[in-house]
Amino acid sequence: MDAATLDVPRVPLWRCHLLEARNEFLRLLRAPSFALPTLLFPPMFYLLFAVLFERRGGFEANLYLLATYGVFGVMSPGLFGFGVTVALDRERGWLALKRALPMPPGAYLASKLAMAMLFATIIFAILAVLAMVLGGVRLPAGAWLSLYATELFGVLPFCALGLWLGTVASGQAAPAIANLLYLPMSFLSGLWMPLTVLPAFVAKIAPLWPAWHLGRLALAAVGQAPGEALLPHVAALAAFGLAFVALARRRLARG
Amino acid sequence: MQQAESGAAVEWRGVRKRYGGTVALDGIDLEVRRGELLALLGPNGAGKSTAIAIALGLLPADAGEARLCGRPPAELDARRACGVMLQSAGLPDSLKVRELLELTCSYYAAPRTIAGCAGLAGLDGLLDRRYGRLSGGEQRRVQFALAICGNPRLLFLDEPTTGLDLDARGLLWRAIRAMVEAGCAVVMTTHYLEEAEALADRVAVLARGRIVACGSVQQVRARVSQRRIRCVSVLDAARVGAWPEVRSVCRDGDRIEIVTDQAEVVVRQLLFEDSGLSQLEVQRAGLADAFVEITREAA
């Protein structure tokens with residue numbers, strides 16, 4: 001066959017996507033600095049603050065913290081899984097090699113997204129079991145489902161934030177920056193304790209943080225935010241996600 | 001529509017690229033056909049890696065274009081015909097060699113088997129090791145395996161043997177030769193001129209973004225008429241250096257080494273002036289000498 005003729009090859013794309021996602025998952029699972037804090041911190045905090053010190057703060061800690069530690073949990077696969085691995089891949093040339101190889105377009109980001117959703121699912125499942133067995137939480141199936149759906153949706157804006165971080169930070173700096181975003185934002189969004197026990201200005205600036213919007217949605221799902229209008233929070237999270245995807249795209253296009 | 005006019009596996013046509021004020025490529029025209037290995041040589045910063053990045057669609061050209069099998073490199077089908085080994089590719093440390101190979105194979109329509117890749121790249125026994133726990137040479141071999149795993153018709157190798165020991169380099173050379181014999185077109189950059197001499201059908205020398213010499217190894221070597229004379233002699237180096245035919249002289253202990261375009265004239269004069277002269281050797285320019293000469297002229 002002549003070099004100039006290209007038979008159009010049939011490559012099963014689902015297989016690329018599957019292997020890409022598998023590798024991404026294995027890669028993070030084998031990185032203890034990612035997998036351990038991501039999988040252990042939310043259940044550990046839940047055990048400490050919802051089960052052992054139950055009802056100290058004058059609120060239904062077992063329910064409230066199930067929702068907010070769930071949000072805390074699903075933030076980290078996006079921030080750390082996306083942010084740190086994209087920064088590393090860019091810095092070390094793996095991203096350039098993948099772009100030179102005939103990788104199906106989108107497979108790179110899709111695999112990281114799938115990985116983040118899978119980690120979020122595992123975190124949700126661990127927290128749900130803890131809440132039911134040790135926290136005494138009883139919820140109708142519909143509430144569990146809407147909490148899970150909220151958390152899966154919540155993975156997206158934080159993946160966008162992580163993606164942007166990965167395109168601007170070095171592999172060395174990315175974990176530090178991710179932590180600087182992650183921990184203060186969690187605290188200021190009322191994920192560790194209700195904003196009512198914090199100074200008033202914290203509650204005032206809370207709408208700036210995507211974690212607060214997601215927290216409100218998760219609390220509404222478990223009946224802890226009666227009368228809350230959901231649409232503004234969904235819109236805020238969507239706008240936030242799209243803005244960071246746009247920033248990341250601009251940054252990647254510049255090489 | 002699938003037939004390119006030229007039949008080249010890869011071609012650069014009038015490709016220009018600048019980074020800010022620096023010209024990286026200043027109008028490159030080059031093509032490589034099936035069953036041919038082109039070595040792209042040049043000092044650091046000459047534009048070799050930029051030329052490869054443009055051919056693979058990693059960078060846009062400012063002017064001109066590169067084509068893979070007649071198609072723009074941005075097309076997935078065009079890149080499915082290509083294997084790639086870049087100069088610096090840090091693969092994820094925590095993945096096993098087999099997992100990396102499985103994924104890369106899945107990008108291609110008719111990939112080799114995992115065992116086949118391992119055999120060709122010398123990875124037997126390493127498939128279940130994590131990439132980060134391999135030595136530098138082993139990691140380079142994994143990258144080579146990823147480049148050939150798709151059974152490509154066109155192979156880009158950017159400094160493929162840097163950091164390899166002699167055995168591993170020999171193994172890669174054999175694998176590359178076998179691929180060329182099977183009809184694969186190969187574009188290779190290298191700092192080892194003996195590598196280009198051993199493998200290349202054609203050599204292109206890049207300097208300051210231009211192709212300053214292109215042809216077979218013989219042709220490029222012949223562009224440089226100089227030869228090297230070595231002997232044990234008592235003659236004063238400075239005096240020999242003053243002879244009009246001599247380009248340069250240096251003394252190393254009791255030996256002197258002379259570079260000249262007219263070896264016969266110089267040898268006659270040497271023997272005439274020093275009857276005790278011994279261990280005379282005359283060597284024609286290697287590719288390395290030619291390379292130094294050509295790039296100096298271009299600078």
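This is a predicted model: local features need pLDDT of at least 70, side-chain atom pairs count only at pLDDT 80 or more; totals for chains, interfaces and linings use all residues.
Three salt bridges are counted between chain B and chain A. Chain B and chain A bury about 3700 Å² between them, while domain 1 and domain 2 of chain B bury about 1000 Å² between them.

**Interface of chain B and chain A**

- The contact draws on 40 residues of chain B and 34 residues of chain A.
- Of the roughly 3700 Å² that chain B and chain A bury between them, 59% is on carbon and sulfur atoms.
- Three residues, B:Leu103, B:Tyr107 and B:Arg153, account for 17% of the area that chain B buries against chain A, more than any other three residues supply.
- One salt bridge is formed by the side chains of B:Glu99 and A:Arg30, with 2.8 Å from N to O.
- Between chain B and chain A, 12 residue pairs are in polar contact, counting pairs with both residues at pLDDT 80 or more.
- On the side of chain B that touches chain A, the elements giving two or more residues are α2 (76-79), β5 (82-85) and α3 (97-106) of chain B.
- Helix α3(B) provides the largest share of that side of chain B, namely six residues.
- Sorted by class, the side of chain B that touches chain A holds 21 nonpolar, eight polar and 11 charged residues.

**The two domains of chain B**

- The domain assignment divides chain B into domain 1 (8-221) and domain 2 (227-298).
- Taken over C-alpha atoms, the centres of domain 1 and domain 2 of chain B are 38 Å apart.
- In domain 1 of chain B, 16 residues are in contact with 10 residues of domain 2 of chain B.
- Carbon and sulfur atoms carry 81% of the area of about 1000 Å² that domain 1 and domain 2 of chain B bury between them.
- Within domain 1 of chain B, the residues that lose the most area to domain 2 are B:Leu193, B:Val220 and B:Arg221, which together make up 46% of what that side buries.
- Between domain 1 and domain 2 of chain B there are zero salt bridges, and the rule finds zero residue pairs in polar contact with both residues at pLDDT 80 or more.
- On the side of domain 1 of chain B that touches domain 2, two or more residues each come from α7 (193-199), β8 (202-207), β9 (210-215) and α8 (217-222) of chain B.
- Strand β8(B) gives the most to that side of domain 1, with four residues.
- By class, that side of domain 1 of chain B has 12 nonpolar, one polar and three charged residues.

**Features recorded in UniProt**

- For chain A, an unreviewed UniProt entry places the feature "transmembrane region" at residues 34-53, 65-88, 109-133, 145-168, 180-209 and 229-248.
- In the model, residues 65-88 of chain A are 100% helix and 0% strand, and the end C-alpha atoms of this span lie 33 Å apart.
- Residues 229-248 of chain A are 90% helix and 0% strand, with end C-alpha atoms 30 Å apart.
- For chain B, an unreviewed UniProt entry places the feature "domain: ABC transporter" at residues 10-233.
- Over residues 10-233 of chain B, the chain is 32% helix and 29% strand, and the end C-alpha atoms are 52 Å apart.

Key
Residues are numbered from 1 along each chain as its sequence is written. Chains are lettered from A and ligands numbered from 1 in the order in which they are written. Side-chain values use heavy atoms; hydrogens and water are left out. Domain bounds come from an automatic or database domain assignment. Contact means heavy atoms within 4.5 Å. Buried area is the accessible area (1.4 Å probe) that two parts lose on being put together, summed over both. A salt bridge is a side-chain nitrogen of Lys or Arg within 4 Å of a carboxyl oxygen of Asp or Glu. A polar contact is a pair of N or O atoms within 3.5 Å; within protein, one must be able to donate a hydrogen and the other to accept it, and residues adjacent in sequence count only if both atoms are side-chain atoms. Ala, Val, Leu, Ile, Met, Phe, Trp, Tyr, Cys and Pro count as nonpolar, Asp, Glu, Lys and Arg as charged, and the others, Gly among them, as polar. UniProt positions are given in the numbering used here, feature names are shortened, and annotations may be inferred rather than shown by experiment.
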